[in-house]
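Please look over the sequence and the model first; the description follows them.

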Amino acid sequence: MKQLDYILNNETEVLAFLKSKYPLFHLSNVFFRDIQYGLMILLERKNMPVGYSAAEKIAKAFVEQLEKKKILTPIDKQSWVLHYPQFKAVASAKPAAPAKPAAPAASGARPSLPPLNRPAVAAKPVATPATVAPVVAAAPIAAETQAPAPVEAKAAPAPKPATSAPTGKMLPPLGKK
């Protein structure tokens, strides 16, 4: 099978391709289906397409080869830890720039807000006393423009009299006989 031979003989190329498709790093977890699907894509790009079951067999053989070379250490039958120092995550060479301090606000001035990332919504016209007066005489104000009515505090409901469990008779409230 030419696909299997290609995969087994080009191990570094295959690992580099898998790294470009999946998050493979030194000491990271590797999953069987990621390897299988990655091999299917690689072989298709090399004009050697394979089916699902053939790709599964090729992936098993590839994983066995990597286990023998101690590149993959099994966690369970479907996942491994990758021991491949060439795939170590490289930290950025230049450190992040320190944050700039905020400019002091002018005395008495309000700080400005940052611009919105979305377009502004057109506001509804606000009713002023001059514009409302003729309308009030002609028709009542719509419910959406009226100020909400003040909410009155309601007294807490009186506690319900306790019932006697076995007989179900009502007991008189405390303080009454």
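## Terms and basis

A residue is called buried when its relative accessible area is under 20%, exposed when it is over 50%, and partly exposed in between, with a 1.4 Å probe and protein chains only. The structure is a predicted model, in which local features need pLDDT of at least 70 and side-chain atom pairs count only at pLDDT 80 or more, while totals for chains, interfaces and linings use all residues. Residues are numbered from 1 along each chain as its sequence is written, and side-chain values use heavy atoms, with hydrogens and water left out.

## Overall composition

The protein contains five helices and three strands. Helices (H or I, at least four residues) and strands (E, at least two) are DSSP runs, numbered from the N terminus. Read from the N terminus, their order is α-α-β-α-α-β-β-α.

Of the 177 residues, 21% count as buried. Contact here means heavy atoms within 4.5 Å. Among contacts between residues at least 6 apart in sequence, 58% join residues at least 24 apart.

Three strands form an open sheet in the order 1-3-2, with antiparallel pairing. Strand 1 and strand 2 are the edge strands, each pairing on one side only. Two strands are taken to pair if DSSP finds at least two bridges between them. Neighbouring strands of this sheet are turned by 35° against each other on average, direction ignored.

Three bridges link strand 1 to strand 3 (residues 79-82) in the antiparallel sense. Val30 stands opposite Trp80 of strand 3. Helix 3 (residues 32-45) packs on the sheet, where it touches strand 1, strand 2 and strand 3, and its direction makes about 60° with that of strand 1. Such angles run from 0 to 180 degrees between N-to-C directions, and axes are lines fitted to C-alpha atoms, for helices over the stretch in contact.

## Helix 2 against helix 3

The axes of helix 2 and helix 3 come within 10 Å and cross at roughly 110°. Helix 2 is therefore roughly perpendicular to helix 3, a label given to angles of 65 to 115 degrees, with those under 35 roughly parallel, those over 145 roughly antiparallel and the rest oblique.

Helix 2 contributes Val14, Phe17, Leu18 and Lys21 to the contact, and helix 3 contributes Asp34, Ile35, Gly38, Leu39, Ile41, Leu42 and Arg45. By class, this contact has seven nonpolar, one polar and three charged residues. Ala, Val, Leu, Ile, Met, Phe, Trp, Tyr, Cys and Pro count as nonpolar, Asp, Glu, Lys and Arg as charged, and the others, Gly among them, as polar.

Helix 4 lies across strand 2 and strand 3 and runs at about 115° to strand 2. Its 17 residues should span 24 Å at 1.5 Å a residue, which agrees with the 24 Å between its end C-alpha atoms; the expected span is 1.5 Å times one less than the number of residues. Buried residues of helix 4 include Ala54, Ile58, Phe62 and Leu66. The buried residues of this helix pack against helix 1, helix 2, helix 3, strand 2 and strand 3.

Most residues other than glycine have a negative phi. Lys70 counts as exposed because its relative accessibility is 65%.

Gln3 is placed in helix 1 (residues 2-9). Gln3 counts as buried because its relative accessibility is 12%. Leaving aside residues up to four places away in sequence, Gln3 touches Leu43, Met48, Pro49, Val50 and Ile58.
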